[in-house]
Structure formats: structure tokens, C-alpha cells
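Reader: I have a structure open and a few things to ask about it. Can we go through it piece by piece?

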Amino acid sequence: MSTNPLQKYFRQPKLFLSLPSKGLYYSENSFNGDSNNMPVFAMTGMDEIIMKTPDALFNGEATTKVIESCCPYIKDAKSVPSLDIDTLLVAIRIATFGEKMTVEHTCANCGTENDFDVDLKSVIDHYSSLNFENEVDLGEIIIQIKPLSYQELTDFNIENFKLQRMLFQLNDSEMLDADKRKLVDDIYSRLAQIQLDLIVASIESVRVPDAVVSEKEFVKEWLANMDATNYDKIKEKLEKNRDAWNMPKQDVQCSSCGTQDQISFTLDQASFFVRE
Ligand SMILES: [Zn+2]
């Protein structure tokens with residue numbers, strides 16, 4: 001096919017990103033380019049439609065499609081490490097709608113509804129200043145940890161959501177108490193299983209003086225047979241990383257009574273990617 005004369009009118013990169021992951025933790029062939037200078041394009045009309053499709057939003061497909069569309073260095077967005085997801089979504093929003101985002105907040109003191117402008121550039125700067133701690137030191141044992149991929153994170157969240165919903169529905173049902181108890185116990189044990197799977201998925205390898213173990217079954221067996229102190233140390237480190245990578249809070253002040261507060265916003269795509 002000959003070259004399209006319209007090609008020079010295609011969308012151009014709107015900004016260049018330095019990825020918080022530094023390009024690490026991507027699976028093979030899923031990232032191709034300079035992680036320190038990655039171009040980000042605005043969403044196309046088609047991307048905006050995908051972002052309004054409830055099913056595609058729920059199972060993560062909308063997010064992966066739009067990331068691949070706007071960030072051509074990313075070949076498989078399912079494998080994007082969770083560290084990069086918020087930065088990518090904020091960058092895509094900046095590329096599409098600009099650097100400011102209006103967030104509504106009701107003052108807890110006087111009830112005034114205020115609109116605040118969030119500078120999304122500062123959110124990107126915040127994430128690029130963070131460092132992912134990838135080691136848990138248990139003395140003789142050193143654990144190498146990794147962030148979950150977007151796909152892993154989405155699968156865990158969906159499973160968790162389904163089980164929580166089952167619990168909720170059981171509460172309302174008119175089942176006999178004994179039957180109900182059995183089902184509730186079953187759901188709780190599945191929820192505990194998810195927690196364990198999440199830790200297994202976060203462990204890259206375990207180094208002991210005479211071996212490096214990366215087989216998931218061995219790691220899982222070890223987790224099930226370790227003392228609680230070590231288990232808690234691993235859990236603490238994973239939680240510390242997760243908390244550090246939460247969306248930063250913004251300081252705001254009520255326009256009416258002057259009360260100071262902190263607001264946070266989520267990247268709930270349904271509202272985050274709708275034109276204001
Ligand atoms: Zn107020």
C-alpha cells in the first residue's frame with residue numbers, strides 16, 4: 001500500500017514520561033523503547049468510547065486497550081507493572097484533556113461544595129520520585145519481590161469483588177442458619193486463599209545460602225509452613241509498598257469557612273476519562 005498523505009496529520013505525542021518502574025518488571029517483548037522518555041498520545045474518539053463501556057471497564061480490557069493505543073512503546077498492557085498504571089492513566093488524561101482536573105469536595109465543617117483544581121503534573125512528579133523496595137531481608141533468607149502486573153491485579157480484584165458480593169447476598173438470603181454458616185465459612189477460606197496467592201504472585205524468588213528458589217509451588221509450600229513472624233514481615237513490606245504507591249492526597253481549603261482538609265481522588269476510569 002502506498003503512503004497515506006494524511007499520515008502527517010495523525011496524532012502526535014503530547015508528553016514524554018519517565019516510568020516509575022524504569023522499564024523493569026515488564027514481561028519479555030511487552031515493552032519496547034526508552035522507559036525514561038516514553039511518548040504519550042491523546043486518546044482517539046474510539047478510545048473514549050471504550051472507556052465508557054461498563055463490561056470492558058470492569059474486566060480491565062478498556063484500560064489495557066487505551067494504554068496500548070496511547071503509549072505505543074507498550075506492546076502488552078496486561079503485563080504493565082502496577083507501579084506504572086496510575087502514572088500512565090494520569091499521563092493519558094493530561095494528553096487528552098490537559099493538566100488540570102476539577103475535583104468536587106464538600107466541606108466537613110460547613111457543608112459548602114467546593115471545586116478544586118488538581119495539578120495532574122504534580123501527581124506524575126510524585127510517582128517518579130518513588131522507589132519500589134524489592135527485597136525482604138529475613139537474615140539467612142532474602143526474598144526478591146515484584147509488583148503485580150495489571151492483569152494479576154485485575155484478576156485478584158475481580159475475584160475479591162465476587163466473593164464480597166456473595167457474602168453480602170448471603171446475609172440477605174432466607175437460608176437456614178446452619179447452611180448459611182457453611183457457605184460463609186467457605187467464602188472466608190477462599191478469601192484467605194486469595195491473600196496467599198497474592199503474596200505468592202508478588203515473590204520473584206527466594207535466596208538461601210545454597211539455592212535460589214523461584215518455583216511457585218515451592219514458595220507456596222514454604223509460606224504455608226513458615227512461622228508467623230516471617231510471614232508478617234513479608235506482608236508488612238508488601239503493604240508498605242502498596243501504601244507508598246497510593247494516589248497522593250491534595251491539601252485544600254474551604255472557600256467559605258477556611259477549614260483545611262485533604263482530598264484524594266481515584267482513577268475510577270468511568271469518571272476520570274469523561275470530558276468535563
Ligand atoms: Zn467550609
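This is a predicted model: local features need pLDDT of at least 70, side-chain atom pairs count only at pLDDT 80 or more; totals for chains, interfaces and linings use all residues.

Reader: How many residues does H4 have, and what does it reach end to end?
Author: H4 covers residues 82-97, which is 16 residues. From first C-alpha to last it reaches 23 Å, close to the 22 Å expected at 1.5 Å a residue.

Reader: Mostly covered or mostly open?
Author: Mostly covered: 15 of the 16 residues of H4 are buried.

Reader: What packs against H4?
Author: The buried residues of helix H5 do. H5 spans residues 120-128, and Val123, Ile124 and Tyr127 are buried there.

Reader: Where do those sit around the axis of H5?
Author: Seen down the axis, the buried residues of H5 fall within an arc of 100 degrees, so they line one face of the helix.

Reader: And which exposed residues does H5 carry on the face turned away?
Author: Ser122 and Asp125 are the exposed residues on the face of H5 turned away from its buried side.

Reader: Switching to domains. What does the assignment give?
Author: The domain assignment lists domain 1 as 12-130 + 248-272 and domain 2 as 135-244. Their C-alpha centres are 27 Å apart.

Reader: How many residues are in contact between domain 1 and domain 2?
Author: On the domain 1 side 13 residues are in contact with 10 residues of domain 2.

Reader: Which element gives the most to the domain 1 side?
Author: H4 again, with three residues on the side of domain 1 that touches domain 2. By type, the residues of that side are seven nonpolar, five polar and one charged.

Reader: Now the strands. How does E6 run relative to E7, parallel or antiparallel?
Author: Antiparallel: strand E6 (residues 141-145) and strand E7 (residues 203-208) are joined by four bridges. Within that pairing, isoleucine 143 stands opposite valine 206 in E7.

Reader: What about E7 and E8, how many bridges?
Author: Three bridges, also in the antiparallel sense, pair E7 with strand E8 (residues 211-213). Valine 208 has alanine 211 in E8 as its bridge partner.

Reader: What joins E7 to E8?
Author: A hairpin, through two residues.

Reader: Where do side chains point along a regular strand?
Author: In a regular strand they alternate between the two faces of the sheet.

Technical notes:
Residues are numbered from 1 along each chain as its sequence is written. The expected span of a helix is 1.5 Å times one less than its number of residues. A residue is buried if 20 or more other C-beta atoms lie within 10 Å of its own, exposed if 12 or fewer, and partly exposed in between; C-beta atoms are placed from the backbone. The arc is that of the directions from the helix axis to the C-beta atoms. Two residues are in contact if their C-beta atoms, placed from the backbone, lie within 7 Å. Domain bounds come from an automatic or database domain assignment. Ala, Val, Leu, Ile, Met, Phe, Trp, Tyr, Cys and Pro count as nonpolar, Asp, Glu, Lys and Arg as charged, and the others, Gly among them, as polar. Two strands pair if DSSP finds at least two bridges between them.
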